Amino acid sequence: MNSIEFSKDLIKFIDASPLNYFAVANTKDILKSNAFIELKENERWEIERNSKYFVSRNDTALIAFTLGDDLTKGFDIIGSHTDSPTFKVKSNAEINDSGYLKINIEPYGGMIYSTWTDRTLSLAGKFSYKEDGQIKSKLVNINRDLLTIPNPAIHMNRNANKGFELNPQDHLYPIIETIEENFENGYLEKILANEFGINAYKILDFDLGLYDRQKGAIINNMYQIGRIDNLGSVHASLKAFIDAKSKKNNVLVLNDNEEIGSRTLTGAFSPFLRDTLKRLCDNCGLDDEDFYIALANTYLISADQAHAVHPNFKDYHDPTNHIMMNGGLVIKTAANGAYSSNIASNSRLIDLANNIGCNIQKFHNRNDKSGGSTIGPIASTGLGINSIDVGEPILAMHSIRELGGIEDHFDAYKIYKAFYQTEL
């Protein structure tokens, strides 16, 4: 597979993953097709060395692992996150306003609002319902053009190109269709019910988010699609994890809710990773002392995208560390601790990249700008493990459509695969 084919596979993966639920569902399918065994958190585990398994939580987070002979040698981990900025649908969502049916929404994560306007959108997510005396749930993707968020005409808003601020409480309600004044509520429940042939009154709750209906595209040596942050890292690390030929302890972590601070039962602040590693050690006959030895020998790559220098906004970037798209994987460093990279963790990855002929770039924020953080410092602090923050350089981060480099995505895969295959 070459770099273009690999980016096309990424686009296919993202197009099939309109929300975090689908990213995890598609990951599960790939793992199962590669003979990984699914474990359940609420069941006893029967673990064998030199085997491969995965466990998921709430359909939005997942940990997969391959085990070698000796767990005290530690775990080589790559972690990323499944969520991306979007708009989530509120309860009692239907709004009958001026002859239109609107949907009440709230922002999830920090998106660029303007990029969501005048686009064809739809809804995806999960809903629960009662059937045969049991509470059940299903993933749902309304796979059709369903709604849009139209701008006002320039004639009505002469300040549209002069710094006008879109207020999500006032200006960003999606419109579904024109309606009569006597329209009855329950529109969304009826859509969900019709998708699966169930009674709308049996629906108990839902978690739905908006997504862009436009498919991803290749633009010369770049690719453009939504949710590169952070499904690009999910895809590169997953493919590397599957393809790596190794007999050591490798771990793939997909956390949720990074875009809203990670303080959930599926986020990096949860004990999901620690508990999973502890259960592995317990099942393999290790005691607490062995577990702490394993953690001391563990290394985490926190994979979350990085900022390429923008040719139209060069002043936004550090003057001596210009990150070039298609210039190689980026190590992210911050003196304020927003990233977990340090001299020990950096050296290992730089040496690995040098050995396989891949470039490494280093990112620092301007001193008067503060970038976002990642799961790296959270996992590193919570587990006391060595960690590094890396990412592929992209433009338009948190836009409805982001822009990445074809060669960078393939380089990330090659570095992650080498990481999973190389023993210290």
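Okay, hi everyone. Before anything else, keep in mind that what you see is a predicted model.

The protein has 20 strands and 9 helices.

Now, overall shape. How does the radius of gyration fit with a compact globule? For 424 residues, a compact globule would come out near 22 Å, and the protein has 22 Å, so the two agree. If you follow the C-alpha trace along its principal axes, the protein spans about 70 × 60 × 40 Å.

As for the surface, the protein exposes about 19400 Å², and 45% of that comes from carbon and sulfur atoms.

Next, contacts. Take the contacts with a separation of 6 or more: 77% of them are between residues 24 or more positions apart.

On to charges. There are 43 positive and 55 negative ones, and their mean positions lie 2 Å apart.

Last topic: cysteines. Quick reminder, a disulfide is a covalent bond between the sulfur atoms of two cysteines. Take Cys-284, which is in no disulfide: the nearest cysteine sulfur belongs to Cys-281 and is 7.3 Å away. A disulfide needs the two sulfur atoms within 2.5 Å.

And is Cys-284 buried or exposed? The cut-off for buried is under 20% relative accessible area. Cys-284 has 11% relative accessibility, so it counts as buried. Cys-358 is at 4%, so Cys-358 counts as buried too.

That's it from me, thanks!

Key. Residues numbered from 1 in each chain as written. Predicted model: local features only at pLDDT ≥ 70, side-chain atom pairs only at ≥ 80, totals over all residues. Heavy atoms only, no water. Helix = DSSP H or I, 4+ residues; strand = E, 2+ residues; numbered from the N terminus. Rg over C-alpha atoms; globule rule 2.2 N^0.38 Å. Contact = heavy atoms within 4.5 Å. Areas by Shrake-Rupley, 256 points an atom, 1.4 Å probe, with all protein chains shown as cover. Lys, Arg positive; Asp, Glu negative; His and termini not counted. Charge placed at Lys NZ, Arg CZ, Asp CG, Glu CD. Buried < 20%, exposed > 50% of the residue type's maximum accessible area, 1.4 Å probe, protein only.
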